[in-house]
Every structure is written in C-alpha cells, then in structure tokens.
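Morning, everyone. I'll walk you through one model today. Please have the sequence and the structure up while I talk.

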Amino acid sequence: MESISSGGSTVITANYGRFRRRMIMAVVTVVLLLVGGGIGLAVLLGRDDPEGAVAVEDAELPELGPADPVLASLSSDAPVPGADVLATRLTPLVTGSALGSGATASVVDVATGEVLFEEEADAPVTPASTVKLLTAVAALTTLDPGDTFETTVVSGASPGEVVLVGGGDPTLSRTEPSLSYPGAPTVADLATQVVAALPAGTAVTRVVVDSSLYSGPLTAPGWGPGDAPSTYAAPITATAVDGARVSPGSLARSGQPGLDAGAAFADALGAPGATVVLGQAPAGARTLGTVESAPVVRQVEQMLSMSDNVLAETLGRQVAIARGEPATFDGAARAVTDAVEEAGIPVADVSLADSSGLSGTNSVTADVLSAIITGAADGSLGNAAGLLAGLPIAGYDGTLADRGDDDPATAPGTVRAKTGTLLGVHALAGTVVTVDGRLLAFAVVADDATGGEVAAEAALDEFAAQLAACGCS
C-alpha cells in the first residue's frame, strides 16, 4: 500500500496487482499447510485466466515428533521436609499470640500421605469459608462436573403472562458477558427465545418468578441479621441474577433476588412496566425458552476463587437435590457431609449449618481439610481434583491476590489455598510446593484469634511461606 498527498488531502492508493498477488500467495500458503501429501494443486498467480495456472508440487507435511510438556511435573525424588525442622519453624506461628489460643494445623506430604506436622489437628474448630472445600468435594463427586443448571421460561396462566422458573443458577447475567461469572448465561438470550416463541405482537404484561425449587428459610442458622443482604451474602433463592447483586458487577447483594431477576427479565423483554410477582408455574405450561449455566466444575472454581457465598449455597442445594434431600440449608448440610464421607473423608467431627461457611456454628477439623486437599491432589478423590483449579493463588488472584510471600523464588504460584474469615476466625487450607519441589497439603485454622485480622493473616501467610521456603530435609 502507498500513500500520496494531493491538494492538501491524503489519497490512499494501492498497487492492486502486487497486493492481489500477495493475498493469493498467503491463501496458497495456508492451503498448503492444511492439505496432506499426494494432493496436487493448481493456483493462479497474478493472472485472471486459467492459462496462467502454475502447477504446485505435491505438498508433504513434515514429520512431527512427540510434544514436550509445557509444564514440568514435580520430581518424585524431591526430598521430604523433616518433621523436626517443620515443628521448629511452624509451632511458634500456630501457638503464637497472633492466632490466639486453640489454633490448629496439619501438614501432609501429598505423595506419601505422611503427616509431617500437626497441632491439635483433630480438634473441632469453626472453619469459616474453608467449608467451601467440603461443598466443592460434594458437588464434584455427587454431580457430573460437566452438568449445567437450567433457567426456564414457560407460558403463564393468562395471555401476556410468562413465568421465569429458577433452576438454581444464580449466575444468570444482566450483561453480555457477565461481569462476575465468565461463561454465565444471559437474560438477553432467554428473552430473545421467549419473544420468538410467543405469538407475534404479544405484549408481556406480567412476569411471575417461580423459585419453588428451594424451600425452607432464606438464611441459615448462625447467620447474623446483617449478613443477608450484605456485600458477601443474600437470601438464598432458586432464581437470581448476577449472584444476587443489586446491579451487575456491584459489591452489594440484594434482599429480594427473585424479584430482581423478574425485573431484569421484564426489561430484557422490552416490557419494563410489566408487573413482577413471586408465584409458581402452571402445571403443563409450554416452555418458551431455556438457558444453561456454566458447568459445575467451572462454578466450583468461581466459588472457591472469590469465596462466593451465594454460589456455595446454591451448589450445596444442587447436591441435596441429587441426593434426595430437601433443597434447604439443613438438607444441603446433610447432603454435603454425606457426600464427603462417601468420598472417603472421615466426618465424625464435622457439623455443618450451611454450605458456605458463613455460619459460626459450623465445625470441622484441620485434618479433614488437609485430607480433602491431599485427596484432590493425589487423585484419590476422583473428580474432586477439579477443586484445585479454583484455589486462590497467593500474590496473584482470588482472595489471595494481595497476600503471600514477596520472595520471587517462592511466589506467586507456589501457594494455592482457600481462605476463611469470620469475626475472630482465620483459616488457610491448600497446597504448597517447597523450594525443593515437594508438594505438601496444609490447613491452619484459628477460631479464637484476638490479635486482629492483619496480624492473624500475616501469621497464616508466614506459615505457608515457611513451607514454601523449606529446604529442610
């Protein structure tokens, strides 16, 4: 391409013949890369008439050898940290004033299952959001990791009425794409289907929101009056948009997720003035549209990475439904506990009131948490290995984005762990690769910390950093 100036303005001209030949040669190159040997090609190079065709020799693709791994695997010969050395380094952190009295911890060598360090690891403690590790195991082992959840619209009881039927997917998005959940379905897609399915010219005047898939209280035992709605939780309903946020991408959650979903759907239908009410779909109603959530494994990742309480509670209810339990807080708690036990994790000291860890009445042990991480990492928990991808990476993303060791030799990426925080409760459970290349699973829980959040989190981070820096065989 060439540029010339004429009369104070720029005129773009092209050497058409040269440009055309280059384009044809580019196409030929692509074709030659795509076809196998033994196929003859004739192409036109710079001429419009077939007589100018040039024969090309049979193309042969080069022999390709086996691909080298992009990521190096851990060495099976990496030395195991010495238990005595770990005790010397870790005990002062666990028993120190920052974590208060009664802090518990467990460190396990993933390859052998050997317990390398423990401090009251079998003592029941309040786990905060590390409960989500149990919910993740239950979801990935009870459900197929590729399962999705449907949000459906059916015809109403009268002309102009449609019913939005919640299927337990709170990620349904007002925007395209979602600002909170990559891969989430959209209200716009659902509305497009419904408009196409309704008789031409039908005006929607009433939207009924059916959240009857769930039953029981909207908040869990142990939740405080300020927990739902808040920036971290909302009443749990089977129908919601944007994780029950008051607006796309906001921090604040709504106190009426179902009605918000209905209003968002009415807007997408072009009927912002439609009446929105809670109710149930008529029996045998015709389906007008359906959208599906991201797969379970993706939702588990999102739940863990950002410690999303609403998503955790809805996954717990899906486990309850699949196991024949009521879709309530109690039913989900039983279902999650039973699923974890069936996966091979002892649950004698596990007592749950919710699936998110927001309740202060939950009880778990550090050795249960480290056993979950170990089983996910060594493959013995089957599909539960998918939870590892959702663990926040220290110094990089999720709830550990601004936490972790500053030493470039050990962070980011060396420590991946689920956080847990309530008033006086601080926890961290995940994996760490030592400086020698040994993979360890660990859990630290302090449920009586009185030194403040900053000091407690610093102690937890130092615990993980000591493991990461350990060349202590």
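Let's start with Lys418, which is found in strand S12. Helices (H or I, at least four residues) and strands (E, at least two) are DSSP runs, numbered from the N terminus. This is a predicted model, so local features need pLDDT of at least 70 and side-chain atom pairs count only at pLDDT 80 or more, while totals for chains, interfaces and linings use all residues. Residues are numbered from 1 along each chain as its sequence is written, and side-chain values use heavy atoms, with hydrogens and water left out.

Is Lys418 buried or exposed? Lys418 is buried, at a relative accessible area of 0%. Buried means under 20% relative accessible area, exposed over 50%, partly exposed in between (1.4 Å probe, protein chains only). From the C-alpha of Lys418 to that of Thr431 is 9.4 Å, and the two residues are 13 apart along the chain.

Next, salt bridges. The whole structure has ten of them. The criterion is a side-chain nitrogen of Lys or Arg within 4 Å of a carboxyl oxygen of Asp or Glu.

Take Asp109 and Arg438. Their closest N and O atoms are 2.8 Å apart. Asp109 sits in strand S5 (residues 104–109), Arg438 in the loop between S13 and S14, so to speak distant parts of the chain, 329 residues apart. Both Asp109 and Arg438 are buried.

Now Arg403 and Glu457. This salt bridge has an N to O distance of 3.6 Å. Arg403 lies in the loop between H9 and strand S12 (415–422) and Glu457 in helix H10 (residues 453–468), so the pair ties together parts 54 residues apart in sequence. Arg403 and Glu457 are buried as well. There is also a network: shared partners join Arg245, Arg253 and Asp308.

Glu325 and Arg334 form another salt bridge, at 3.1 Å, N to O. Glu325 is partly exposed, with a relative accessible area of 23%. Arg334 is partly exposed too, at 40%.

On to the core. In soluble globular proteins, nonpolar side chains tend to be buried together. A nonpolar core here is a set of buried Ala, Val, Leu, Ile, Met, Phe, Trp, Tyr and Cys residues joined through side-chain atoms within 4.5 Å. How many residues does the largest one have? It has 50, and Leu133, Leu134, Val300 and Leu387 have the most contacts inside it. Elements giving two or more residues include H3, helix H6 (296–305), helix H7 (309–322) and strand S13 (425–433). H3 gives the most, with eight residues.

Last, the backbone. Most residues other than glycine have a negative phi, and most peptide bonds are trans. Here are some exceptions. The bond from Glu176 to Pro177 is cis, with omega near 0 degrees. Pro177 lies in the loop between strand S8 (161–165) and helix H4 (187–197). Ala228 and Pro229 are also joined by a cis bond, with omega about 5 degrees. Pro229 is in the loop between strand S9 (206–210) and helix H5 (257–268).

Ala244 is found in that S9 to H5 loop. Its phi is positive, near 70 degrees, and Ala244 is buried at 3%. Ala128 has a positive phi near 55 degrees. Ala128 belongs to the loop between S6 and H3, and counts as buried at 0% relative accessibility.

That's my tour. Over to you.
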